[in-house]
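Trainee: I would like to learn how to read a pocket and a few backbone features. Please take them one at a time.

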Amino acid sequence: MTKPAPLTKADFRYFVDIQTRWADNDMFGHVNNVEYYRFFEIAVVDFLMGPCQLDLFKAPAVPFAAESKCRFFRPLSWPEKVVAGIRIEKLGRTSVTYGIGLFGEGSDQAAAEGHWVHVFVGRADQRPTDIPPAPRAAFEAHLA
């Protein structure tokens, strides 16, 4: 099975800069696989608190992670700076799927790609609920 070519920065609509840390590297001198998910989380939270205008501490409807996935194309290494790109791949009534690309310093091709699914739930009852208007508008503006 052939691996699809990585996406480029032009495929994404929102970007977050992330500085790698010495502790991110594994014994092979590459960013440890688990850190890619931390980078995804940093990008998604930045997007939620920025364009989505979501107060994660007080909002009556909050996003719960339902699924995540990562496809690796090339290793990243400290002290490389990483740029995370975000786009919305699917938008439902209660859920959203983010497409995320991680780009190494100076590279236009993704070193890794992933997706992250959030389901919005009521803070009080933790049951699925409609995505609030402000996040929905931001999601629509960033649809792939």
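Trainee: Which strands each supply at least two residues of the lining of the largest pocket?

Mentor: This is a predicted model, where local features need pLDDT of at least 70, side-chain atom pairs count only at pLDDT 80 or more, and totals for chains, interfaces and linings use all residues. Residues are numbered from 1 along each chain as its sequence is written, and side-chain values use heavy atoms, with hydrogens and water left out. Strands (E, at least two residues) and helices (H or I, at least four) are DSSP runs numbered from the N terminus. Here the strands are β2 (61-72), β3 (81-91), β4 (95-104) and β5 (112-122).

Trainee: Which residues line the largest pocket?

Mentor: On a 1 Å grid over the protein atoms alone, a pocket is an open set of points where a 1.4 Å probe fits, with protein on both sides within 12 Å along at least five of seven lines; lining residues have an atom within 4 Å of a point. Among them here are Phe12, Lys69, Arg71, Arg87, Glu89, Glu113 and His115.

Trainee: Where is the cis peptide bond?

Mentor: The bond from Trp78 to Pro79 is cis, with omega near 10 degrees. Pro79 sits in the loop between β2 and β3.
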